[in-house]
Amino acid sequence: SRFMGYDKDEFGELIINPKEAMVVQFLADMYLLGVGSSRLAQLMEYLEIPTVSGGKWTAGTITGMFKNEKYKGDFHLQKYYTPEGRRNQTVRNRGEVQSYYMEDSHPAILSAEQWDRLQEKMKENRRDKSSTQDNPLKYQNRSADRNAALPVLRTDAPAQAGIQKED
């Protein structure tokens, strides 16, 4: 399958697709600056930047990307497997079959440090989200506060960080 930011060479090895890698890096940078995955998905949709599958950008698309070890240059073989007798169906491997983790198996788009910070930020955001059940007013003014801190991306101006809306 295909991953945003990567293509395969003639030998099937992952190589960086510079244009897509710029999108991955931009999303990671913005997330670490505090822009949430839902807001980033809205931005990608607005800019009409396609996903690799041609589908719609969602918060899950963004966080799924950030959880994927391939972006730091690692590869986890047998993360999913096909159970016996269940053709065309894969399930997450929770120790049922042997899996292998290879570090530095291909060029990284995100540094290991940046990838680790993304994991920590996602964990922190999950903690914050679950704490709103105890205090539903905690994020009452969150949108107004967050909007004030967002950079303005103008589609009529030269591209910022290489990201622009294509007509």
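**Reading charge pairs in a predicted model**

Modeller: Let's start with K121 and E124, whose side chains meet in a salt bridge at 3.7 Å, N to O. This is a predicted model, where local features need pLDDT of at least 70 and side-chain atom pairs count only at pLDDT 80 or more, while totals for chains, interfaces and linings use all residues. Residues are numbered from 1 along each chain as its sequence is written, and side-chain values use heavy atoms, with hydrogens and water left out.

Biologist: What counts as a salt bridge here?

Modeller: The general idea is that side chains of opposite charge can pair when their charged atoms come close. The cut-off is a side-chain nitrogen of Lys or Arg within 4 Å of a carboxyl oxygen of Asp or Glu.

Biologist: How far apart in helix α4 are K121 and E124?

Modeller: They are 3 residues apart, about one helical turn. Helices here are DSSP runs of H or I with at least four residues, strands are runs of E with at least two, and both are numbered from the N terminus.

Biologist: Is K121 buried or exposed?

Modeller: K121 counts as buried, at 18% relative accessibility, while E124 is partly exposed at 32%. Buried means under 20% relative accessible area, exposed over 50%, and partly exposed in between (1.4 Å probe, protein chains only).

Biologist: How many salt bridges does the structure hold?

Modeller: It holds 6. One of them joins K123 to E120, with the closest N and O atoms 3.9 Å apart. Those two also sit in helix α4 (residues 112-131), 3 residues apart. Both are partly exposed, K123 at 40% and E120 at 38%.

Biologist: Which residues are linked with E120 in a network of salt bridges?

Modeller: K123 and R127.

Biologist: Where do K56 and E45 lie?

Modeller: Their side chains form a salt bridge at 3.9 Å, N to O. That pair links distant parts of the chain, 11 residues apart: K56 is in the loop between α2 (37-46) and α3 (59-67), and E45 is in helix α2. K56 is exposed at 58%, whereas E45 is partly exposed at 31%.

Biologist: Which residues form the positive surface patch?

Modeller: A patch takes residues with over 30% relative accessible area and no salt bridge, joining like charges within 9 Å and nonpolar side chains (Val, Leu, Ile, Met, Phe, Trp, Tyr) within 5 Å. Lys and Arg count as positive, Asp and Glu as negative, and His and the chain ends are not counted. Here the positive patch is K67, R92, R94 and R126. R92 lies in strand β5 (residues 91-92) and is partly exposed at 37%.

How values were computed: Areas by Shrake-Rupley, 256 points an atom, 1.4 Å probe, with all protein chains shown as cover. Charge placed at Lys NZ, Arg CZ, Asp CG, Glu CD.
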